[in-house]
Amino acid sequence: MTIVQPDWISGLLGGLMIGLAGAIFLLGNGRVMGASGILGRVLDRSETQPMVENIVFLLALVLAPVVFSQWFATGPTHLSDNWLVIISAGLLVGIGTRLANGCTSGHGVCGISRLSPRGIVSTFLYITAGGATIALLRHIWGLI
Amino acid sequence: MRIVFALISGALFGIGLCVSGMTNTLKVQGWLDIFGAWDPTLAFVMGGAILPMAVAWRMLKNQSPQPAIAQTTSSTALFDRQFVIGSVLFGAGWGIAGLCPGPAIASLGFGGIGGVVFLLAMAAGMLMTPRIKARLTAAAPI
């Protein structure tokens, strides 16, 4: 089944689900739902908190979309097929989010909603940097 | 119970990312592409996600005793070098591929080999970070 509706409605609906997920994690587990932080802590085992919880969260994050796609069309990711693009972007996202201690979910969704200065400033910086990168690579150099 | 909350939260986060279109790199890059065919969807996703979260933070404040997370102060502005450099590097990578950590993990099951390679590169970057952090602090201790 394909859900046909304007993009902004599915965006808002999906956004509400993301926010609800963050609210459950915050009120239920007393933690900020940040994707980079949860993955990063599993990778470098830097957290004394129950690791099982992080692993369960990540497994559910991977598996739920797979189950969901049995009934609803989850479109392709349209990710570039250029390995240089994929690997350089992956490295930058990995290093950047761990240096900044957060990504779109932690600094963006969870940070802005509590009016955290770090969340607001980080979101401003990564959106500006992303916009500049697209402008440079797509419109000036014509690479992507 | 914590495990159950983690399970529900992770699943809902994953489905929300798919429904919102944020696992589609073209929509994310469209949001960042202000000189091209600009796509405002991400703003609706952010807005939609911030609403329940704002309510949750408020509910947390009214709890007594205050849970630890409510006390981890968000007002001490720590805009050090690694925070600024990290945010900018993340943004650049986000723009290049159109994937941030949440959608990268959520699309692992249907994103093909490219998605797997992205996740591996991202994990490698995360594992490299403590060394980069050490170098940054050594250069100019803050």
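## A salt bridge between the chains

B:Asp33 and A:Arg138 are joined in a salt bridge, with their closest N and O atoms 2.9 Å apart. The model that shows this pair is predicted. Side chains of opposite charge can pair when their charged atoms come close.

A salt bridge also links the side chains of A:Glu53 and B:Arg2, with an N to O distance of 2.6 Å. This pair runs from one chain to the other: A:Glu53 lies in helix H3 (residues 51-68) of chain A, and B:Arg2 lies in helix H1 (residues 2-20) of chain B. Between chain A and chain B the count is 3 salt bridges, while the structure holds 6 salt bridges over all chains.

## The interface of chain A and chain B

The size of an interface is often given as the accessible area lost when the parts come together. For chain A and chain B, the area buried between them is about 8,700 Å². Carbon and sulfur atoms account for 79% of that area.

In terms of residues, 96 from chain A and 96 from chain B take part in the contact.

## The fold of chain B

Chain B contains 7 helices and 0 strands. Its pattern, read along the sequence, is α-α-α-α-α-α-α. The C-alpha trace of chain B spans about 45 × 45 × 35 Å along its principal axes.

## Two helices of chain A

Within chain A, helix H5 (residues 104-113) and helix H6 (residues 117-140) have axes that come within 8 Å of each other and cross at roughly 130°. An angle over 145 degrees would count as roughly antiparallel, and one of 65 to 115 as roughly perpendicular. H5(A) and H6(A) are therefore oblique to each other. The crossing of these two helices, H5(A) and H6(A), is left-handed.

Which residues of H5(A) meet H6(A)? On the H5(A) side they are A:Thr104, A:His107, A:Gly108, A:Gly111 and A:Ile112. Their partners in H6(A) are A:Arg118, A:Gly119, A:Ile120, A:Ser122, A:Thr123 and A:Tyr126. Sorted by class, the contact of H5(A) with H6(A) has 3 nonpolar, 7 polar and 1 charged residues.

Technical notes: Residues are numbered from 1 along each chain as its sequence is written. Chains are lettered from A and ligands numbered from 1 in the order in which they are written. This is a predicted model: local features need pLDDT of at least 70, side-chain atom pairs count only at pLDDT 80 or more; totals for chains, interfaces and linings use all residues. Side-chain values use heavy atoms; hydrogens and water are left out. Axes are lines fitted to C-alpha atoms, for helices over the stretch in contact, and angles run from 0 to 180 degrees between N-to-C directions. Helices (H or I, at least four residues) and strands (E, at least two) are DSSP runs, numbered from the N terminus. Angles under 35 degrees count as roughly parallel, over 145 as roughly antiparallel, 65 to 115 as roughly perpendicular and the rest as oblique. A crossing is left-handed if the near helix is turned anticlockwise from the far one by less than a right angle, and right-handed if clockwise. Contact means heavy atoms within 4.5 Å. Ala, Val, Leu, Ile, Met, Phe, Trp, Tyr, Cys and Pro count as nonpolar, Asp, Glu, Lys and Arg as charged, and the others, Gly among them, as polar. Buried area is the accessible area (1.4 Å probe) that two parts lose on being put together, summed over both. A salt bridge is a side-chain nitrogen of Lys or Arg within 4 Å of a carboxyl oxygen of Asp or Glu.
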